Amino acid sequence: MLPENLKFRVKTPPRAAASHYEGRPHNTIGAHAYGVNSKSVGICFEGDFNKEELTDNQEKAAIVLITLLSFAYPDAKLCRHCDLTTKKNCPGNNFPFERIREKVIKSIKEMRFSNSI
Ligand SMILES: [Zn+2]
């Protein structure tokens with residue numbers, strides 16, 4: 001059971017349609033990635049993405065959440081747990097990390113454009 005040691009979790013149906021909830025308060029240090037907890041925000045997706053696929057609703061929720069966080073932390077780098085340590089395989093081989101990254105970049109560009117009008 002992980003909810004309290006991560007800052008955000010993206011739910012899966014039928015538990016939720018397309019939402020996320022906050023774990024630890026946003027202004028506290030998480031316990032999601034050894035060595036970088038004090039300078040990172042952890043996002044956890046419910047599921048085993050070595051066996052399962054991310055749902056469309058999870059992906060949509062992730063894109064919204066990461067897009068919003070990118071405005072709060074404009075210098076942040078988006079990475080997976082496995083990018084930070086060789087001891088972890090998170091979020092799993094089926095997790096569409098590059099597709100989410102591309103959609104977040106597109107979403108950021110669209111938001112910047114819509115805000116400039
Ligand atoms: Zn992990």
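**Contacts.** I began with contact range in this predicted model. I took the contacts in the protein chain with a separation of 6 or more, and 62% of them join residues 24 or more positions apart. Next I looked up burial. The chain has 117 residues, and 15% of them count as buried.

**Elements.** I listed the secondary structure. The protein chain holds 3 helices and 3 strands. Along the sequence the order reads β-β-β-α-α-α.

**Confidence.** I checked pLDDT before going further. The average for the protein chain is 84, and 81% of the residues reach at least 70. Which elements mark the lowest and highest confidence? Strand E1 (residues 8–10) is lowest, with a mean of 68. Helix H2 (residues 81–84) is highest, at 93. Residues 1–5 have a pLDDT below 50. That stretch still makes 8 contacts in the model beyond near neighbours in sequence.

**Helix H1.** I tested the length of H1 next. With 17 residues at 1.5 Å a residue, H1 should span 24 Å. I find 25 Å between its end C-alpha atoms, which agrees. Then I asked which residues of H1 are buried. They are Gln58, Ala61, Ala62 and Ile66. Viewed down the axis of H1, the buried residues fall within an arc of 125 degrees, so they line one face of the helix. On the face turned away from that buried side I found Asp56 and Phe71, both exposed.

**E2 to E3 loop.** I looked at two residues here. His26 sits in the loop between strand E2 (20–22) and E3. Is His26 buried or exposed? I count 12 C-beta neighbours inside 10 Å, and the limit for exposed is 12 or fewer, so His26 counts as exposed. His26 and Val41 are 15 residues apart in sequence, and their C-alpha atoms are 8.3 Å apart in space. Lys39 is also placed in the loop between E2 and E3. Lys39 has 10 C-beta neighbours inside 10 Å and therefore counts as exposed.

**E3 to H1 loop.** I moved on to Asp48, which lies in the loop between E3 and H1. Asp48 counts as exposed because it has 10 C-beta neighbours inside 10 Å. How far apart are the C-alpha atoms of Asp48 and Asn93? I get 9.6 Å, for a pair 45 residues apart along the chain.

**H2 to H3 loop.** I checked the peptide bonds and noted a cis one. It joins Cys90 and Pro91, with omega at about 5 degrees. Pro91 lies in the loop between H2 and H3.

**Helix H3.** I finished on Met111, in helix H3 (residues 97–115). Why is Met111 partly exposed? It has 14 other C-beta atoms within 10 Å. Buried needs 20 or more and exposed needs 12 or fewer, so a count in between is partly exposed. I also looked up the distance from Met111 to Leu68. Their C-alpha atoms are 9.8 Å apart in space, and the two residues are 43 apart in sequence.

Terms used
Residues are numbered from 1 along each chain as its sequence is written. This is a predicted model: local features need pLDDT of at least 70, side-chain atom pairs count only at pLDDT 80 or more; totals for chains, interfaces and linings use all residues. Helices (H or I, at least four residues) and strands (E, at least two) are DSSP runs, numbered from the N terminus. Two residues are in contact if their C-beta atoms, placed from the backbone, lie within 7 Å. pLDDT is the predictor's confidence in each residue, from 0 to 100. The expected span of a helix is 1.5 Å times one less than its number of residues. The arc is that of the directions from the helix axis to the C-beta atoms.
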